[in-house]
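Subject: Structure for you to look at

Hello,

Here is the structure I said I would pass on. My notes follow below it.

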Amino acid sequence: MSASARSDLLDVRDLSLRFKGAKANVVDGVSFSVAAGSTLCIVGESGCGKSVTALSLMGLLPMPPAEFVSGTARFDDRDLLSLSSRDLGDIRGNRMAMIFQEPMTSLNPVLTIGMQLTEPMIAHLGMSEEAAMEKAKKLLGMVGISEPDRRLAQYPHHLSGGMRQRVVIAMALACDPKLIIADEPTTALDVTIQAQILELMKDLTRELGVAMIIITHNLGVVARYADRVNVMYAGRIIESGVASDIYHRPRHPYTLALLKSVPRMDRQREAKLDPVDGQPPDLTKLDEGCSFRPRCRFAKDHCAESFPALEDIGDGHTSACFEKDNLEKEVKEVVG
Amino acid sequence: MSEAVTQKRNTRTGSSEGFDEVLVDVRDLKMYFPVTEGVFIPRVVAHVKAVDGVSFQIFRGETLGVVGESGCGKTTTGRCILQLEKPTAGEIIFYGDDITKYDSKQMIDVRKKIQVIFQDPYSSLNPRMKVGEIISEPMKVHNIITNEAERQKRVRYLLNVCGLASAFADRYPHEMSGGQRQRVGIARALAMDPEFIICDEAVSALDVSIQAQVINLLEDLRDEFDLTYLFISHDLSVVRHICHRVAVMYLGNLVELADGDELFENPLHPYTKLLLNAVPIPDPDIEKGRAHEIIKGEIPSPINPPPGCVFHPRCPIAVDNCKKEIPQLREVKPGHWVACTEV
């Protein structure tokens, strides 16, 4: 895979996390990397550990109760996981920034847009208030907000949801970050606004060379914007690869099941969707076997014995499944 | 579409699937919410025109989808049919009678036949009641089954129908996952043996794999109990999958109404086209080949909607006339209705 040959901007190795008192890891041995200017999507259902992974990298997970079990995360030749909170504070909002799902809760309701937008520039870049305001206007123009002068004096409640999310993106861009982590950036928005926001983010990666990690459960968004995809289940990455491999040559039963359970707008009224049976597992009750086994159609006896390791099957495509070679027939049915 | 299909069409907003008995007839429905100013002596200064003259019919046995962005009036339309809001104007004909004229006593009988499933299974179930009580309460209130043992039997039956074990009757909502709670919401709606269920974003809050389970359940129940659904959703992929006909709303107006497959393959209204274009398809190769035409701007305020066609400020094909003339819904193809003068 060419992305790994280039120097990666962020390189996470063997990240494991747990919450105090719990026996199981909420994130278990996760490794991935992101190259400059590329977009990595992390997909998975609620509770699979995708948001916790992102929050831990940003140092936004309260510790305790959370604690690192193992792992390194190299960003700019420094290990994010071993930095003091002060050093991490210098990087956060500066070299790397985060966009959250809820634009209403990630903006301070009692501060004007202008104050919130200039704060990181004044704090991190040492800009004067005037210079920061000038740049704030430019940023608002960049994210497609008209009348920046008026908007800077307004409060978050004056703005619509889509507008607020643009402000949050502008804040993330304020210090010219190299990496943006977006946790469900458009889930709370309408599809037309979602398209506007994602198109904007795509342009940013292209023009500014920003690397992007998008965390989402929307497989359509992933198909449209991802270069690489990590599929997570019960705290682990179970499949990873370039987007077209994941969608056209899935080699993990869970990925396949996800693809089979999404209704698609380009398909006629079908007879039936083919959902994954059962519920996602309770992380505290996992055994040593594969965590997807109880819901898996391909499970054999040996799946209960140990958790399959992520194995490379070529072109940077990895899958953690003992039965990965037996999926082909069903894959053909889905992909056609 | 085949001729057999088009032959069976009803005269007005006709269905293409051979559903020809009108169950609910919504005529020129308007719902204006007053905007007041002043704390002690509030006076009405404006109106939010949430629904502004919407007409459509729902046929027995079909699933009619209503799609649109937030604030387009799709939920308000559903709430008006349920009489949870008293419409400002218009008629809702159910079994030959205009139920907007009904008082609350008369509505009791209607409510047995029309049920609703809400989006949020967390807030639509009473946290202090056991699941069994939640499902049996409507039967008790409406005196459907007076015998307690019989009622419990039906609760267990409904739970099983919705894919839950009978033991769930003794649990509280907080002990269940989102998907299981939504199944309880569905079981409660079924308790009254309704004919018509309004599903307001019924699967929107659920994870992909659970969403598919609940969609399948809704489809199975539709066949088993001859249900009619009004399926309100912003998720166009789900609507494509489950609905026979689809209505598109924008800023309180119905802009397009057609057979589901027809609407998605051959959209006519410029808003529908842009809306469909915005929906990503889970296939990277298809996505690469699609032109991503982005709809500009945001929805204008429903307090002061644009004159003429409400969509004209964002419309790529608008002409001067669109600022003046209010387009009426017209049938441009059999069963395909659109409100645009430029189509």
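**The sheet in chain A**

In chain A, eight strands make up an open sheet with mixed pairing, in the order β6-β7-β8-β3-β9-β10-β12-β11. Helices (H or I, at least four residues) and strands (E, at least two) are DSSP runs, numbered from the N terminus, and two strands pair if DSSP finds at least two bridges between them. At the edges are β6 (96-99) and β11 (311-312) of chain A, each pairing on one side only. Strands β3 (residues 39-43) and β9 (residues 228-233) of chain A run parallel and are joined by four bridges.

This is a predicted model: local features need pLDDT of at least 70, side-chain atom pairs count only at pLDDT 80 or more, and totals for chains, interfaces and linings use all residues. Residues are numbered from 1 along each chain as its sequence is written, while chains are lettered from A and ligands numbered from 1 in the order in which they are written.

Chain B has eleven helices and twelve strands. Its C-alpha trace spans about 70 × 60 × 40 Å along the principal axes.

The contact between the chains takes 36 residues from chain B and 37 residues from chain A; two residues are in contact if their C-beta atoms, placed from the backbone, lie within 7 Å. On the side of chain B that touches chain A, α7(B) supplies the largest share, six residues. Within chain B, 64% of the contacts with a separation of 6 or more are between residues 24 or more positions apart.

Regards
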